[in-house]
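Subject: Handover of a structure for your review

Dear colleague,

Please find below the structure that I am handing over to you. A summary of the findings follows it.

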Amino acid sequence: MNFRRLAASPLSTLLTGLLAVLLVICVVYAPGEAFKASGEGLAIWWRIVFPALLPFVVLSQMLLAGGFAHGLGTLMEPFTRRLLGLPGSFGWVLPLGMTAGFPAAAEAAATLYKQGKISAREAERIAAAAHFCSPMLLVVVIGAGFLGRPEIGLLLLGLHWAAGLAASITMHFLFPERADSFQGATPEAKAGPASASKPKGSRLRLALRRMEEAREEDGRSFGKLLGDSVASGVQTLMITGGYMLIFAVIIHVILLAVPQPVPSPFIPVAVQSLFEVHLGSFAMSELSPSALPPAIAASLLGAALGWSGLCAYLQVRAILGPAGVGERYFLLNRLLHATYAYILTLASWKPISRWFPGILPAFNGSEAAPLGNDTPAAWLPGWQQAIGVMEWQLWMVGLLTFGFLSIALVWRRRNEP
């Protein structure tokens, strides 16, 4: 498949053009409301996405240039190839995506592809498999803010991770990797999993050699690397923020144009969840029990987080497209992630309700919300909370990376002939 042709397909061009026309119509139709909605989107970006994403994007760029991901990938190659058909560098990108949230994984996958370490198809599969919502969104914003129960956010986070990993494994078995997709990747990736599991000499020495080779290939000084990493991270965040502002305006004006009274209270929720996950999760948490049973509302919230919105897809496409990486596999993975999240949340609802008896009121309309605060911006975390969560995320990415590496080494030891 020609991924560059796919990235520049007429359908993509039509979608971009329609989005631009729709934005102009929204601004002309309701300029005051559009300005208010853009401020709301800016607040969400500044107080959730920016602190949760920027440090990890910069750190990822520096570790990739320094060879850390390549050395780690050498150690994890046999395990990731067998389980998911992905190169060992996925062992770094997956913890990054699970802790930083989208589109950090897509940025790392595009960087690996530009370095020539993985193929375009592998970059697409890695970006899809490591695409998760930020723990700050699930635990602090949805759990503590929207629902008033941080432990519910932790439960949603666990189900979100489980559904994403299950979707990635399923996609690997439904669409197994082809041998020709290894072209342009690392030497051990081209040779396939069989040769990758039997390197010459110690695998640890090979990992150190790969790290040194990657660092020498990059060749930048620390000051140059830091500056480039910050510039790349800020550019990625600007793309993300731009899409969030655009979709905040479009969603707000579309809902303003919907005839009143709305035939079903679920229609505005469905529109927001389809387009943007932050606004959709807020609308989902505000549903009354007369609109949807709590179990269904929680399951649909999990599905919306798994889908992550059309806005998130366009953010990833803006990163992968210029690099020549397609996104069809990414879309299929998002749909499967949403399906698994819905099923897992619905199946675990009764046990969760039994273990946590106070969970039901949280989905019966939040009583903790002060009057007049009917927008998600009223529930965004402060900077002290954001810094605390960022510290937690840094510990989490380290622990997840160490955990995946330990599992890979134990698995390799048990499968050695």
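I begin with one residue. Ser273 is buried, at a relative accessible area of 9%; here buried means under 20% relative accessible area, exposed over 50%, and partly exposed in between (1.4 Å probe, protein chains only). Ser273 belongs to helix H14 (residues 266-275); helices (H or I, at least four residues) and strands (E, at least two) are DSSP runs, numbered from the N terminus. Apart from residues up to four places away in sequence, Ser273 touches Gly280, Met284, Ala304, Trp307 and Gly309, a contact being heavy atoms within 4.5 Å.

Please note that this is a predicted model, in which local features need pLDDT of at least 70 and side-chain atom pairs count only at pLDDT 80 or more, whereas totals for chains, interfaces and linings use all residues. Residues are numbered from 1 along each chain as its sequence is written, and side-chain values use heavy atoms, with hydrogens and water left out.

Overall composition

The protein chain has 19 helices and 0 strands. It comprises 417 residues, of which 54% count as buried. Among contacts in the protein chain with a separation of 6 or more, 83% are between residues 24 or more positions apart.

Nonpolar cores and surface patch

A nonpolar core is a set of buried Ala, Val, Leu, Ile, Met, Phe, Trp, Tyr and Cys residues joined through side-chain atoms within 4.5 Å. The largest nonpolar core has 99 residues, and Phe90, Trp92, Val93, Ile142 and Leu305 are those with the most contacts inside it. Helix H3 (residues 31-66) gives the most to this core, namely 13 residues. A second, separate core has 6 residues, including Cys26, Ala37, Ile250 and Val253.

Leaving aside neighbours within four places in sequence, Leu305 is in contact with Cys133, Leu137, Leu138, Ile142, His160 and Val277. Cys133 is itself buried, at a relative accessible area of 1%. The count of disulfides is 0, where a disulfide is a pair of cysteine sulfur atoms within 2.5 Å.

Phe222 lies in helix H13 (residues 222-257) and counts as exposed, at 59% relative accessibility.

Salt bridges

The model has 5 salt bridges, each defined as a side-chain nitrogen of Lys or Arg within 4 Å of a carboxyl oxygen of Asp or Glu. Three of these pairs are described here.

- Glu77 and Arg81 form a salt bridge whose closest N and O atoms are 2.7 Å apart. Both residues lie in helix H4 (residues 68-84), 4 residues apart, about one turn of the helix, and both are buried.
- Glu217 forms a salt bridge with Lys117, with 2.8 Å between the closest N and O atoms. This pair links distant parts of the chain, 100 residues apart: Glu217 is in helix H12 (residues 203-218), and Lys117 is in the loop between H6 and helix H7 (120-129). Glu217 is exposed, at 54% relative accessibility, while Lys117 is buried, at 15%.
- Asp228 and Lys224 meet in a salt bridge at 3.5 Å, N to O. The two residues are separated by about one helical turn because they are 4 residues apart in helix H13. Asp228 is partly exposed, at 26% relative accessibility, and Lys224 is also partly exposed, at 47%.

Salt bridges that share partners join Glu77, Arg81 and Glu122 into one network.

Backbone geometry

Most residues other than glycine have a negative phi, and most peptide bonds are trans. The peptide bond from Phe102 to Pro103 is cis, with omega near 0°, and Pro103 lies in the loop between helix H5 (90-100) and helix H6 (104-114). Ser308, although not a glycine, has a positive phi of about 70°. Ser308 is in the loop between helix H16 (294-307) and helix H17 (309-320) and is buried, at 2% relative accessibility.

With kind regards
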